[in-house]
Structure formats: C-alpha cells, structure tokens
Amino acid sequence: MKKQTNKAGQDNIGLQALKESEARFRTIVLWSPDAIIVTDAEGKIEYMNPAAEGVFNRKVESFIGKDFGLPLVDGESTEIDIFRPGKDPGVGDMHVVETEWLDKKAHLITIRDITERKKAEEQLKAIMALDLQRKTELLEISNKELEAFSYSVSHDLRAPLRSIDGFSKAIMEDYSDKLDEQGRNYLCRVCTACQQMAQLVEDMLMLSQINRSEMRRKQVDLSALAKSIADEFMQNEPQRKAEFVIAPSITANGDGQLLNIMLHNLLENAWKFTGKHPSARIEFGITKKEEKTVYFVADDGAGFDMKYADKLFGAFQRLHNVEEFEGTGIGLAIVKRIVSRHGGKVWAQGETEKGTAFYFTLN
Amino acid sequence: MPVKYVLKLYVTGETSRSLSALKNLKKILSEDYKGAYSLKVVDVLKHPKLAEDDKILATPTLIKILPPPLARIIGDLNDREKVLLGLDLVVIGGALNK
C-alpha cells in the first residue's frame, strides 16, 4: 500500500515538473518577438505564435491549416519580403529547422522582423555612396585642375626660361671680357641653374602628360629596351666600370613608350646612384611573388635608409642633395605613375651604401 | 512543345529578394523546362487581393499549379535541386521525370 502511494506521489511530482517545464516553453514561444511557425513536412501551417500576428499584420487563426510553403533556406537563414496587407511590406530573416511536431516530421520556422534594420542599412549605404560620389567628383576636379595647372605652369615657364638662358649665354659670349672672374663665375651659375630648371620643367611636363596620354597596349620586349638603355649609358660614360646584367626575353603587356620611359628612369637612377662607387653592378630581372611576376632593377650603389621608403616616389622628393647626385626628384614619381597606369605596384628596398632594388608589377 | 507546367511566383516590388528569385527561377526553367512552362509573376504590391486570396505571408513564394499536386515553396530559389524537389518534380540524372 505504502509503495503505491509513493508511486502516485512520484507521478504527481513528475506531472508537476512537466507542467512547469511546458509553462516555461510556452512563455518563451508566446512572448518571443520573432514569428514562430510550425509547418508539417509539406509546408502546411500547424502552429503560429502571437508575434506572427504583428509581423504579418494579420490574424493568426485564419492561417492554421493553410499552405505556408516549403521553406527553402540556403545556408543559415534567408531574407524574405513580408507581405502585410494595408501596410508597407517588411523584410524578414527566415530561419528553418527540420524537427518533429506531434511525432511527425515538421519545419520549425522563425522569422525575425528586420525591416527597420534594413531601412537603416539602406539609408546608411545611400549616404555613404553619395558621400563617396561627392568626394570622387571633388577629387577628379582637383586632379584635373592640378594637372592643367602643372601643365600650363611648366609650359609657360619654358619661354621666359629660354630667354634667361639665351641672354645669359649672349652676355657670356659678347661681354665676357668686360666681366671679372667673379662676374663670369656668377653668370656660369645662372646658366647651370637655367639648365637645371629646364630639365625640371621638362620632367614636370612629362609627369603631367603621362596621365593624359592614351595607353596603347601590346607585348613589349623589356629585355631589349633595358639593353639599349644600358648601351646608351655606357657609350655616354665609357670610363665607368659598370656591368649590366639583363635577364633575357622578359616581356610585358603594356604601352611601349611608357614602359620605355619607366625603365629608362629606373636604370638611370641605378646608373646615377652607383656613380660614386669604383665599380657597379646593375641588374634587371624577374622574380615571383604570390604567383605574380615581379620585375626588378637592382644596383649596388648608394642605397637609402628604409625609413624614407615612402618618400621615394613623391614628386620633388629627394633623399640625396643635388650637389651629391644631380636630378630633379621627379623620375621616380614618373615611374610610379606609369606603373599605376598599368594597374601595377612599385616599391623599393634598400640599405645605405648597400644598394637599392626597385620592384614593380604590371597588369 | 505544349505547356505542361504552370507556375506562379509572388514577389514584392523590385526588392533584391524578388529580383534574385526571378533570375534564379528563370535560369532553372530555361535549363530544365525548355519552353514547356507558363510562368505568371505576381507583385503583391500591385495585386494585394490576389496575394490575400492565395494566403501569401511572405515572398518570394512559388506555386506550382500544374501538373498536380499543387505545391508551394518559399524562400530563396538558389538551389536548383531543392527547388525542383520542393515543387515535387523529381530530377533523375539531370532530366525531369514527373
């Protein structure tokens, strides 16, 4: 007898626990802000929670037993448009779990209303797009202005410069005897400065024209270009002990003229910065980096301190003074522009007095 | 070829969901049905009454009217196989076999 009472007592406790557990889950489902829908295996609606009324803006009862549709979700969840008669459509994030409901295969579908979040996202996107567009337009305008400015400045500077140069030379030729040694020295400096400035103007013109010129792409033999540039340097300064190591048959798809200017500037750079060493070795070759072809021009010259590496490619940036190594500081800016126009990248590696290597990619 | 399959796709205006569902469906239909179908696209914003009559809760919802049985799927239509299975059109070795 006693045993039986105990069993009944235990059943009661079990029932109580079950009731409590069910009440807890019922509370979760009833108060969930997400629409919860249970359908059978074919997509017929068996249950909808109260939140579904708010999400779909309709009475729940009329949908029980109706076809919701077989939910197709690619991955975790999928976005759907919520139809709300009499209201603007919403956006929902649908999540589906295959489960059992009353011992039969079923789909447990939760739909989170993300209408507001979507709206905010789209507004943000629109603002950002507009902002970007405005900035791009401003940048384009200022770029065009800058280009036009540097073009006209360098172009217009040529005429007065030519006359300063011309008349200085005229004084030198016709009135040299009327000047004393110091006077002639001053005039000499004017002439040298004129030549420097003329070179600067030419380089600036070239820099501004590189962006304007039309690209004519074809297969270009870079090895041949490098070879003829190297020959030119050797002929101009036959006294120098320099060796050019040019890897054979390096080709690239690009604008022949621009690539020639670029190689010329890189090799000239190497030629110039090895000038103070008794002998020099200048190499042009290719290597691979992450499956991509990387071209390089390397020398064993003056090198540079890596902490200035980001200054190398700016126009008018010079890491050495003009007395030490002549130049306008535009050569590498031109290289960078040409490489960018080919969709590539250029960077440098160096160490003071241990040489410099310039690497570039082309697309 | 006589029209054998009659389908109705409910969409909501031109949301990205609507557009991609339509694109995916047209791809499946042109690959597997080759002109033997008739597809009616219904915009719930323009025809709310039709959508209410069909008890549409959300879109994209695709309903297969013919051949019977009536079948309905909801969600994205990215996965060709799931779509065909959902519409109760069994695919065997890539060919339709209903």
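**Ground rules.** I count residues from 1 along each chain as its sequence is written, with chains lettered from A and ligands numbered from 1 in the order in which they are written. Because I am reading a predicted model, local features need pLDDT of at least 70 and side-chain atom pairs count only at pLDDT 80 or more, while totals for chains, interfaces and linings use all residues.

**Entry 1: where the chains meet.** I looked up the contacts first (two residues whose C-beta atoms, placed from the backbone, lie within 7 Å). I found 22 residues of chain A in contact with 26 residues of chain B. On the chain A side, strands S3 (70-72), S4 (77-82) and S5 (90-101) each supply at least two residues; strands here are DSSP runs of E, at least two residues long, and helices are runs of H or I, at least four, numbered from the N terminus. S4(A) gives the most, with 5 residues.

**Entry 2: a link across the chains.** Which strand of chain B is joined to S4(A) by bridges? I see strand S3 (residues 58-59) of chain B, running antiparallel to S4(A) and joined to it by 2 bridges. Asp81(A) has Thr59(B) as its bridge partner there.

Entry 3: I traced an open sheet of 5 strands in the order S3(A)-S5(B)-S4(B)-S1(B)-S2(B), with mixed pairing; strands pair if DSSP finds at least two bridges between them. S3(A) and strand S2 (37-43) of chain B stand at the edges with a single partner strand each, so one side of each has no neighbour in the sheet. From one strand to the next, the twist averages 20°.

Inside the sheet, S1 (residues 5-11) and S4 (residues 61-66) of chain B pair in the antiparallel sense over 5 bridges. Leu9(B) has Leu62(B) as its bridge partner in S4(B). Helix H1 (residues 16-32) of chain B packs on the sheet and touches S1, S2 and S4 of chain B.

**Entry 4: chain B as a whole.** I noted 3 helices and 7 strands in chain B. Their pattern along the sequence is β-α-β-α-β-β-β-α-β-β.

**Entry 5: two helices in chain A.** How do H5 (residues 222-236) and H6 (residues 256-273) of chain A pack? I read an angle of about 45°, with the axes 10 Å apart; axes are lines fitted to C-alpha atoms over the stretch in contact, and angles run from 0 to 180 degrees between N-to-C directions. Residues making the contact include Leu225(A) and Ile229(A) of H5(A), and Leu263(A) and Trp271(A) of H6(A).
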